[in-house]
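Have a look at the sequence and the picture, then read along.

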Protein chains: 2
Amino acid sequence: MAELNFGRVLRHAARYSDDVAIVDLGTGHEASYAEHLGRIARACAAMRELGIAPSDPFAVLAGASHGYVELWRAALAGGGVINPLNTRLAAEEIFYILNDSGAEVVFVDTTHAPTLAAARERLPKLRLIVQLGDAALEPACDLRLEDLLAAAGATQALPAEPGEDDAAVLMYTGGTTGLPKGVVLSQRAIVLVIHRMAMAYPIEPGMRFLSFMPLFHIGGISAWGLLLPFGGRSVILPSFEPAAVNAAIQTHEIQMIGAVPTMLALMLEHESFASDALASLRLILYGAAPMPPPLLSRLMTLFPKLALGQAYGMTECASTATALTPQDHERGGEILRSVGRTLLGVELEVRDADGVSLPQGEIGEIYLRCDSLMTEYWAKPEQTAASLVDGWYRTGDAGRVDPEGYLFLADRVKDMIVTGGENVYSLDVEHAIVSHPSVRQVAVVGIPDDTWGERVHAFVVCDPATTTENDLEAHARQTIAGFKVPRSWTLQDAPLPLSAAGKVLKRTLRERLT
Amino acid sequence: MAELNFGRVLRHAARYSDDVAIVDLGTGHEASYAEHLGRIARACAAMRELGIAPSDPFAVLAGASHGYVELWRAALAGGGVINPLNTRLAAEEIFYILNDSGAEVVFVDTTHAPTLAAARERLPKLRLIVQLGDAALEPACDLRLEDLLAAAGATQALPAEPGEDDAAVLMYTGGTTGLPKGVVLSQRAIVLVIHRMAMAYPIEPGMRFLSFMPLFHIGGISAWGLLLPFGGRSVILPSFEPAAVNAAIQTHEIQMIGAVPTMLALMLEHESFASDALASLRLILYGAAPMPPPLLSRLMTLFPKLALGQAYGMTECASTATALTPQDHERGGEILRSVGRTLLGVELEVRDADGVSLPQGEIGEIYLRCDSLMTEYWAKPEQTAASLVDGWYRTGDAGRVDPEGYLFLADRVKDMIVTGGENVYSLDVEHAIVSHPSVRQVAVVGIPDDTWGERVHAFVVCDPATTTENDLEAHARQTIAGFKVPRSWTLQDAPLPLSAAGKVLKRTLRERLT
């Protein structure tokens, strides 16, 4: 019985030898599958050369590039355990993670090398800083990966297949509250989440995918794994920029993207947008924030052949747990406000604070059980035990399930607002506001209030010259109870601050008010 | 980490509660998912009542019906290990299998009950003969399953989830040569083959499937598992009969079928055929025999929106190993004569008689490694060891692989014809003949010959009044070497004898000539 490991997925992809695997619009690098797999094999050889054993974590601190993708795939092939670092974290947080993961080797781009080099004395485990890319060796770095790849010659041989339960990924999460925790994902988890997503979405052989999400988040990287067994062509931009995305879709006849709703809005609003130019699009996967209904309608009208998928997931489940499938989108109606249903291999329960299952329809904490669940939080047995209960993962998210199994998110459990003794879930309020046609983005938070304990406050991105608080309040009152309607508002033209995963940084917003 | 077991697939399907799960055109039974899952839960309770432990084999000797499907699913839910018996086997073969599997309980339909009842003294392990269906209790049977289901009340509770490596299926194979061997398939194998097929074919949620293949073959049952997680509606005919199949497709707006090429030809040739009436078809999976190119062209012309998939697989791999996907069919050309490429999770090597890998393009024995491989041949450690070599399964089939990985079958290794010192693979010859527009079916065998050792003989189904041996010989000479061209022919109007899996019974044909 062959084991489930990503090395076999890579070997499967070898059949696409002459097809284009990757086009990096940042560096100009383009590679066929044979070339791409060769570079991955040589990156594995480089890791051995650097003293990285298959079970050793190594870190990456870099913007998105083909080199980053190669490091991911070399790790998953059995070259080491990848510890991708969120480039938006404060230096202190990055140092904490590096000391916690114990990575001795960090791969960096030239932008991020100085941060690390300046702090070597605070990173006692750090042994080598390895520079990515073609530039000449920077003083901040010890050596260049490209030189190691060249030294590895022309090998196309991947390392021995990793075991099914071997750690493959060490990805930190939870930086917005408390200390980051390292999520350990096994080879099996990585393979099974590919199965799950490939069964849910209409992935066509040879599909052309444009990547502009960060590669240090599970949401950004999972689409890459999804395309690989089908010989997809992945085109990569270093980051999201509406004009660049619109241009790349047109030039490369892109068929699939993954984005957060705000990005989609920015693409459509940008002067570079022309629906004809995006006619190649066949599949958009989105998630991480509520989709404004007018935006969804506009997408469905502009691109009638487009399949839409909304994903809800988290690092601990190796990405997507529930999805609103293309068929759900066609069906329409109230379920479009949900995050869909569990995909095959995932089970869901809604429980109360004591961990007791609630009757269908009641709001409680979402527990997930899935075949791609994390192994543990790295070196944190107590937090692992608190989060993994009898094989179920406590998400910390609140939600309810309708009779057909569609999951409606309510809030992060700890973000729930208690005002005058009533529980208010910010997503309820956000959905009520975002359906107003002028609203582009919204975030609702609780802020301390002497009278009510907390009061509901809304940050709304719209045109403050034409939209008033009264308009929005009247609109919200049509769909939610009075105690949920925000008592104070911030209307602004500028977008809300987002995490790299595309989630609104509510902590930052709260700090603005206190 | 949740395990891979079919119990979770069934629980996943519970969401489709009110949708129609199954329509049995033989018995008139129709059930929603809630009702179908309830009957499966009660069948599990009945098995416990009958003293069948989760690890105990039980046998089924019956035609296809909803009750048979329920027994399959009850076994896979953890109710027992299903040992489905080929109803076309001789009584002696069935007795051998029952004594080998050790099944103490056999579920039968009224047609097959007498065979078994008459031989009780030869079946020392047989404890109970349980009658399927609604008919009154036959004297040949000990009790009725329906009475046990009724006694189980209204339970919807499935048994505890089986373990990933637990045996789920004990299916006998190889009856045409030597003693049948029991293939043991684990829960994991059953789930992973569903993943693999669902990733390869365009399965739509709620798809309507018509089943007319026997349920005791892996090819006939695997489509059932494929549809279940997507809430498909399965319509079942007791057996293949062209007019009944054509009528059922029209009446039930069937979207998917699985068939052998001969069945498809018979459907199209039948007076009941009208292409408009079959316009609902979206996906045809076929396999087990070469597809005549004129038939394939006709299908693709008649149904331009139809996706076609050709599967090559075997019980030992829990069904499909390689497939010619719908996209391969669209591409067309020489690859249409192949059985496609390995699906994700399957690896293939072509080796010589010593087990050494051959250079790409050479003909040798096909070895497969896959994540759904059988655990063992039941109670046959020597045959297991001979077939499973370092995790690879020796198929006994000969073939070659093209540079892109497409597998071209040559023959069963033991069916290879040696004539005048040259190796002739019957499939090569069959492909050369079947492309003649008058040929409906062909089988090539080697027969003893004093001069040549063996000589190539072809059985051809065509109209002997209008097609001559000379026509066929001239046609074959255009594409194959002279020594491969048949030296003798049997031209007939009647179809060739088929096994229940739809494979031509070459042993029967050879016996006609000797």
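Let's start in chain B, where strand β14 (residues 307–314) is joined to β15(B) by five bridges, and the two run antiparallel. Strands pair when DSSP finds at least two bridges between them. The names come from DSSP runs numbered from the N terminus: helices are H or I runs of at least four residues, and strands are E runs of at least two. Before going on, note that this is a predicted model, in which local features need pLDDT of at least 70 and side-chain atom pairs count only at pLDDT 80 or more, while totals for chains, interfaces and linings use all residues. Residues are numbered from 1 along each chain as its sequence is written, and chains are lettered from A and ligands numbered from 1 in the order in which they are written.

Back to the hairpin. B:Gln310 has B:Leu324 as its bridge partner in β15(B). Four residues sit between the two strands, and in this hairpin B:Ala318 takes a positive phi near 65°. On to the next strand: β15(B) is joined by two bridges to β16 (residues 341–342) of chain B, again antiparallel. There, B:Ala323 is partnered with B:Arg341.

Is β15 of chain B buried or exposed? Six of the six residues of β15 (residues 319–324) in chain B are buried, so the strand is largely enclosed by the rest of the structure. Here a residue is buried if 20 or more other C-beta atoms lie within 10 Å of its own, exposed if 12 or fewer, and partly exposed in between, with C-beta atoms placed from the backbone.

Now zoom out. These strands belong to an open sheet of nine strands in chain B, ordered β2-β1-β11-β10-β12-β13-β14-β15-β16, with mixed pairing. β2 (30–32) and β16 of chain B stand at the edges with a single partner strand each, so one side of each has no neighbour in the sheet. Helix α9 (residues 242–252) of chain B lies across β1 (20–24), β10 (208–211) and β11 (233–236), running at about 160° to β10(B). Such angles run from 0 to 180 degrees between N-to-C directions, and the axes are lines fitted to C-alpha atoms, for helices over the stretch in contact.

Chain A has an open sheet too: nine strands in the order β2-β1-β11-β10-β12-β13-β14-β15-β16, with mixed pairing. At its edges stand β2 (30–32) and β16 (341–342) of chain A, each with a single partner strand, so one side of each is left without a neighbour in the sheet. Two bridges join β15 (residues 319–324) of chain A to β16(A), and these strands run antiparallel. In that pair, A:Ala323 stands opposite A:Arg341. Helix α2 (residues 33–49) of chain A lies across β1 (20–24) and β2, at about 100° to β2(A).

Next, the inside of the model. All 10 of the 10 residues of helix α8 (residues 218–227) in chain B are buried, among them B:Trp224 and B:Leu227. B:Leu299, in helix α11 (residues 293–302) of chain B, counts as buried because it has 22 C-beta neighbours inside 10 Å. Leaving out residues up to four places away in sequence, B:Leu299 touches B:Leu264, B:Leu306 and B:Leu308; a contact means C-beta atoms, placed from the backbone, within 7 Å.

Finally, how do the chains meet? In all, 23 residues of chain A are in contact with 23 residues of chain B. On the chain A side, α1 (6–13), α7 (187–200) and β18 (364–370) each supply at least two residues. That side divides into 11 nonpolar, five polar and seven charged residues. Here Ala, Val, Leu, Ile, Met, Phe, Trp, Tyr, Cys and Pro count as nonpolar, Asp, Glu, Lys and Arg as charged, and the others, Gly among them, as polar.

Technical notes:
Two residues are in contact if their C-beta atoms, placed from the backbone, lie within 7 Å.
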